[in-house]
Structure formats: structure tokens, C-alpha cells
Amino acid sequence: MTSRVILRLLRHPASKLAGFLAMTYLNLPQVHSMGIKTLSGEILIGGAPIGSTVTLRNLSGQMYRILNTSETPLKIEVSITDYKGTLTEGTEVLPDTKWVSLSQYEFNLAPGQEGYADVTITLPDDPSLMGRRFIAHVHARTVPQGEGVGISVGLKSKLFVSVSTDRLTPEQKKKAEEIKELLRFEVSPMQIELTDFPKGEAVDVTVRYKKGFKLLNINDNPFKVKVEIVDPSDAFIQLKESTAKGKAAWVDLSKNTFSIEPNSIYQIPLKVNIPKEIKEKRFIFVVKMTLLDYDVPVSHLGRLFINTK
């Protein structure tokens with residue numbers, strides 16, 4: 001996790017000094033600087049539906065946390081600001097920081113005391129946002145007290161917001177998980193890694209590599225499953241530079257709807273043809289398997305990584 005640590009000199013009424021003294025980056029899961037520390041180096045609000053309001057506390061039971069590690073009382077202000085760092089593929093700067101609010105923006109903390117704030121995201125009812133991933137900063141800074149020059153220390157945590165590809169609320173998602181558990185709808189394995197994969201030919205993965213995603217119906221009734229290739233952002237995957245997104249057009253599933261008989265195992269037919277002209281060497285395909293005929297989508301996401309010759 002990466003947070004930006006900012007040390008700066010602020011102008012006070014009795015001082016003409018102002019400006020940045022230093023700026024650096026720390027790659028630490030628990031980020032701290034002179035006098036303050038946060039255990040929230042990266043914050044993820046995942047699967048937020050458009051047109052809804054969700055909170056970090058309701059989704060994960062977590063809150064934003066800031067700690068006074070100094071030996072004196074500190075006043076700390078926290079705000080949501082635009083992200084200024086390097087963007088990874090598939091991540092965009094949050095269009096409007098007003099979409100995010102905190103339950104508390106100002107803390108007066110005694111030495112060793114910790115402050116907490118819930119993070120709330122309210123998304124517009126805009127279908128163009130579905131499936132996208134955004135980033136902003138949660139910026140905490142100390143407020144100098146008294147006359148003269150004061151040192152202000154700041155920490156910037158990354159806030160990631162992934163927008164759901166559907167309109168399910170967290171309550172509906174919970175119901176989907178309950179259905180999944182009740183029906184014992186399972187997929188194995190959840191991740192497949194293939195090497196020495198040839199380009200320019202249709203390869204039957206289940207035949208050549210003896211691998212594939214197996215759907216398990218451990219029930220007394222059949223069920224129907226829809227299978228499709230979706231964007232990695234649906235699985236909240238942050239791609240590394242060495243991995244490219246595989247295209248759905250390269251994958252032949254033979255058909256996208258299957259009936260699974262009671263107490264049986266079904267292996268999904270999977271043929272992949274990566275064009276020769278594609279320069280990248282490593283690809284990811286996310287296979288989404290969804291139960292049909294239920295009032296909420298019940299899905300599993302399988303990851304297929306392919307390393308070409």
C-alpha cells in the first residue's frame with residue numbers, strides 16, 4: 001500500500017515563511033510521519049451500485065483511522081482530494097470528490113489517541129459508471145497551533161471505488177451469497193495458469209492442458225448457468241503492467257448457457273485463440289458463471305492466466 005507523506009511549513013500570522021520542505025513516498029501498509037500515523041494506507045469500497053449510497057463500515061466493518069503518535073495534543077483535519085499520482089490500467093481519477101463524504105473531518109487527539117471516520121460514497125444514477133474503477137485521496141494533515149511558524153504533517157491514503165456492473169445493493173449481494181451457500185453452487189478451481197501457449201491457433205484448453213473450470217451441482221435438482229467473459233474490473237483485479245486483458249472475442253465457449261444435472265460435475269468447454277499479431281505475452285481472462293432463474297444474480301468469477309510462447 002502506498003500513501004503520500006507530505007511535510008510542509010505553513011504560514012502563520014507572525015511568519016513570512018511558507019512552502020514545501022520535503023515530499024517523499026513510503027510503501028508501507030501502516031503509514032506514518034512526524035506525529036501522525038494511519039492504518040488505512042489503501043481503502044477499497046467495492047461493488048457500489050449506481051444511484052446508491054454505501055458506507056465502508058457497512059461493507060467491511062472497517063473505518064478510516066488516524067493516530068496521534070506525538071507527545072503533544074494534535075488537531076488533525078481530513079479531506080477528500082483529487083488523486084495526483086500515476087494511474088494504473090483500468091483506474092480513473094474520481095470525477096467528483098463530492099461523491100465521497102466522511103462522518104468526521106476534524107479531530108482533536110491526545111497523545112496516543114486514535115480517531116475514526118466512516119467513509120460514504122454516493123454514486124449518481126448514471127449507467128456509464130457501471131464497471132468502472134476510480135481513485136481519490138483521503139488527505140489528513142495536522143493544523144499548527146499558536147504563534148509563528150508551525151510544521152504541518154500530511155498523509156495521503158488511496159481511496160479506491162469500484163462500481164458494480166449491476167444495480168444490486170449490498171443487501172441483495174448478501175442474499176446472493178446465502179443462495180449460493182444454500183444450493184452449494186461451487187466452481188473449481190477458481191484460478192488457472194497456462195504456459196507455453198501458442199498464438200494464432202484455436203487451442204482447446206480442456207484437451208491440450210487437461211485443465212478447465214468445473215461447475216459442481218451438489219443438489220437434488222438441476223440448475224442453469226450462464227457463462228461469459230467479463231472485464232477484470234468485475235473481479236476487482238488491479239492489473240500489473242506485465243499482464244494484458246484478454247478479449248472475449250478470443251474465447252469460444254461453444255454456448256453460453258448450460259444445464260447442470262443433479263449431483264454432477266460439468267466442465268466448461270474452453271477454446272482460446274490469441275492472434276499472432278498481439279505483442280503482449282501474458283493475458284488474463286475473467287470467466288463469470290451465473291445461476292439463472294433467481295431474483296438476484298448468484299455468480300462465481302474464475303481467473304484464467306495465459307502465458308504465450
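K210 sits in the loop between α3 (205–208) and β19 (214–217). In this predicted model, K210 has a positive phi of about 55°, although the residue is not a glycine. Its relative accessibility is 65%, so K210 counts as exposed; the cut-off for that class is over 50%.

N263 counts as exposed because its relative accessibility is 53%. Such angles stand out because most residues other than glycine have a negative phi.

The backbone shows a further feature at P189. The peptide bond from S188 to P189 is cis, with omega near -10°. P189 is placed in the loop between β16 (185–188) and β17 (191–197). As a rule, most peptide bonds are trans.

Turning to the side chains, the structure contains 7 salt bridges. One of them joins R65 and E114, with the closest N and O atoms 2.7 Å apart. R65 lies in strand β7 (residues 64–68), whereas E114 lies in strand β12 (residues 114–117). The pair therefore ties together parts that are 49 residues apart in sequence. R65 is partly exposed, at a relative accessible area of 26%. E114 is also partly exposed, at 22% relative accessibility. Buried would require a value under 20%.

A salt bridge also forms between the side chains of R141 and E77, at 3.1 Å from N to O. This pair links distant parts of the chain. R141 is in strand β14 (residues 133–142) and E77 is in strand β8 (residues 74–81). The two residues are 64 residues apart. With a relative accessibility of 26%, E77 counts as partly exposed.

E201 and R208 make another of the salt bridges, their side chains meeting at 3.1 Å, N to O. E201 has a relative accessibility of 33% and counts as partly exposed. R208 counts as partly exposed as well, at 45%. K210 itself, at 65% relative accessibility, counts as exposed.

Terms used
Residues numbered from 1 in each chain as written. Predicted model: local features only at pLDDT ≥ 70, side-chain atom pairs only at ≥ 80, totals over all residues. Heavy atoms only, no water. Salt bridge = Lys/Arg side-chain N within 4 Å of Asp/Glu carboxyl O. Helix = DSSP H or I, 4+ residues; strand = E, 2+ residues; numbered from the N terminus. Buried < 20%, exposed > 50% of the residue type's maximum accessible area, 1.4 Å probe, protein only.
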